Amino acid sequence: MCKKEKEWNSLLTKDTGMKKLLVQPGKAELTSEKLSDQLKKWEGSGMKGVMFFVPEWNEEATDKFAELGTGPIEPLVLSDFTMSSNMTGMVLYEQIYRGYRILHNHPYHK
């Protein structure tokens with residue numbers, strides 16, 4: 001499910017029983033293999049699901065989300081460079097796809 005940023009406040013403050021991740025630029029350390037391991041842990045944890053928040057990054061967004069890293073939402077870095085939210089969403093889907101392919105011992109392209 002995709003929501004507009006203006007609808008995020010209720011999702012961020014509401015206890016949904018889901019893990020909340022803010023996809024942001026920074027030093028990427030998450031490989032497809034590490035994400036696969038994380039997907040396995042999340043599936044076995046009993047949580048209801050995972051929410052990915054993908055904002056359009058600019059100076060205002062950096063200020064807006066600076067305090068969220070220690071709150072109910074955790075940072076997730078996919079790339080070493082800043083991308084548009086559309087491109088970030090596409091990379092996120094690709095990483096999740098690769099993670100599940102690895103998890104189920106299926107080949108995938110790099």
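**Notebook: helices H2 and H4**

I began with the buried side of H2, whose buried residues pack against strand S1 (18-23), strand S2 (49-53) and helix H4 (85-103). The model is a predicted one.

Next I looked up the length of H2. The helix runs over residues 32-44, 13 residues in total. I get 19 Å from its first C-alpha to its last, close to the 18 Å expected at 1.5 Å a residue.

Which residues of H2 are buried? I find Ser32, Leu35, Ser36, Leu39 and Trp42. They cover an arc of only 125 degrees around the axis, so they lie on the same side of H2. I note the general rule here: an α-helix has 3.6 residues a turn, so residues three or four places apart point the same way. On the face turned away from the buried side of H2, I list Lys40, Lys41 and Gly44 as exposed.

I then checked what comes just after H2. Gly46 is there, with a positive phi of about 90 degrees.

I turned to the pair H2 and H4. How do their axes cross? I have them coming within 8 Å and crossing at roughly 75 degrees. An angle of 65 to 115 degrees counts as roughly perpendicular, and H2 and H4 are therefore roughly perpendicular to each other. From H2, the contact is made by Ser32, Glu33, Leu35, Ser36, Leu39, Lys40 and Glu43. From H4, I list Gln95, Ile96, Arg98, Gly99, Tyr100, Ile102 and Leu103. By type, I sort the residues of this contact into six nonpolar, four polar and four charged.

I repeated the length check on H4. Its 19 residues should span 27 Å at 1.5 Å a residue, and the end C-alpha atoms are 26 Å apart, which agrees.

For burial in H4, I find Ser85, Thr88, Gly89, Leu92, Gln95, Ile96, Arg98 and Gly99. These buried residues pack against S1, H2, S2 and strand S3 (74-76). Ser32, Leu35, Ser36 and Leu39 are buried in H2 and are also among the residues in contact with H4. On the H4 side, Gln95, Ile96, Arg98 and Gly99 are buried and are listed in the contact with H2.

Last, I looked at the segment after H4, where Asn105 is found. Most residues other than glycine have a negative phi. Asn105 has a positive phi of about 55 degrees although it is not a glycine. Is Asn105 buried or exposed? I have it as exposed, with a relative accessible area of 71%; the cut-off for exposed is over 50%.

Conventions
Residues numbered from 1 in each chain as written. Predicted model: local features only at pLDDT ≥ 70, side-chain atom pairs only at ≥ 80, totals over all residues. Heavy atoms only, no water. Helix = DSSP H or I, 4+ residues; strand = E, 2+ residues; numbered from the N terminus. Expected span 1.5 Å × (residues − 1). Buried < 20%, exposed > 50% of the residue type's maximum accessible area, 1.4 Å probe, protein only. Arc of directions from axis to C-beta. Contact = heavy atoms within 4.5 Å. Axes fitted to C-alpha atoms, helices over the stretch in contact; angles between N-to-C directions. Parallel < 35°, antiparallel > 145°, perpendicular 65-115°, else oblique. Nonpolar A, V, L, I, M, F, W, Y, C, P; charged D, E, K, R; others polar.
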